[in-house]
Amino acid sequence: MPDKKFCTAVVLAAGQGKRMGTNVAKQYLKIGGKPLLYYALRAFEQSPLIDAIVLVVGSMEQISWCQKNLVDACGFSKVDTITVGGRERYDSVYRALCVIADDMCGQAKEGYVFIHDGARPLVTPEILERCLHEVQQHEACVAAMPVKDTIKLADEEGFAQSTPRRDLLWTVQTPQTFSFPLIFRAYQEMMRTRAQWERTGLKITDDAMVVETFTDRKVKLTEGSYENIKVTTPEDLILAGAFLTGHDR
């Protein structure tokens, strides 16, 4: 792929994972003898599409732990930087984007960035290939899958209010992939106007929403996988373990 632009993966592992109900942050819980975070890092390390990785963690202590027990112990040579995230997910993403803008090579600043939840251990080479193909065409794309169930929109009292068309509904996953100039510009505008949109009650839930809200660029949905789950609850941990066992056979 001689004309491929530089691709940086941002792996987010700064969350506390309160819904898991454990004292250990979920990204460090073990599956198959390895921390959950290991599998996301391994996917990007092994992908020929990815040139560098920025890992975002929750504390300075986690930087030291990840450097010793993941990067060094597992030979993850593509991890360029480990940095501490912020209070919200978007704060963590913005810090990673600033690392790319301030500290990485010029190719990274003109390339693509794959933003991925460290609690999604089942990202595959096929998903990465599809994301790269779409971001080359559209500058912004997210891995996603059509919903399987009927979705109801509820009112404030918990009664069904309406039923959106199922064929137009997608469950959004990660990686969410963008040209770096586009996503960095969108985040800069979001941060510049933060006080204004926070007063309106707007909740920024993913990177696609940043692009949708603060630029005029549309975000393309591209096929992820129903196995590309985010581990949030103990049940998810069991399910991810089963999927990983099947993949590693």
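This is a predicted model: local features need pLDDT of at least 70, side-chain atom pairs count only at pLDDT 80 or more; totals for chains, interfaces and linings use all residues.
So, to talk about helix packing we need axes: these are lines fitted to C-alpha atoms, for helices over the stretch in contact, and angles run from 0 to 180 degrees between N-to-C directions.

Quick housekeeping. Residues are numbered from 1 along each chain as its sequence is written, and side-chain values use heavy atoms, with hydrogens and water left out.

Okay, first pair. The axes of α1 and α2, which is residues 60–74, come within 11 Å and cross at roughly 45°. That makes α1 oblique to α2, since angles under 35 degrees count as roughly parallel, over 145 as roughly antiparallel, 65 to 115 as roughly perpendicular, and the rest as oblique. The crossing is right-handed, meaning the near helix is turned clockwise from the far one by less than a right angle, with anticlockwise being left-handed. Contact here, meaning heavy atoms within 4.5 Å, is made by L37, Y38 and L41 of α1 with C66, L70 and C74 of α2.

On the α3 side the contact includes Y90, Y94 and L97, and on the α6 side F180, F184 and Y187 are among the residues involved.

Now the cores. A nonpolar core is a set of buried Ala, Val, Leu, Ile, Met, Phe, Trp, Tyr and Cys residues joined through side-chain atoms within 4.5 Å. Buried is under 20% relative accessible area, exposed is over 50%, and partly exposed is in between, using a 1.4 Å probe and protein chains only. The largest core has 46 residues, and L37, L55 and F114 have the most contacts inside it. Its largest share, eight residues, comes from helix α1, residues 36–46. Apart from that one lies another core of 37 residues, with V56, A140, F180 and A208 among them. In general, nonpolar side chains in soluble globular proteins tend to be buried together.

A208 takes us to α8, residues 207–214. How many of its eight residues are buried? Six are, so the helix is mostly covered: D207, A208, M209, V210, V211 and F214. Those buried residues pack against several elements, including α3, α6 and β10.

S92 sits in α3, residues 89–103, and counts as buried at 5% relative accessibility. Its contacts beyond four places in sequence are L12, A14, V56, G85 and G86.

S179 is in β10, residues 170–179, and is buried too, at 4%. Leaving out sequence neighbours up to four places away, S179 touches G111, Y112, V135 and E139.

And T81, in strand β5, residues 79–84, is buried with a relative accessible area of 19%. Its side chain makes a polar contact of 2.6 Å with that of D80. A polar contact is a pair of N or O atoms within 3.5 Å; within protein, one must be able to donate a hydrogen and the other to accept it, and residues adjacent in sequence count only if both atoms are side-chain atoms.

How values were computed. Helices (H or I, at least four residues) and strands (E, at least two) are DSSP runs, numbered from the N terminus.
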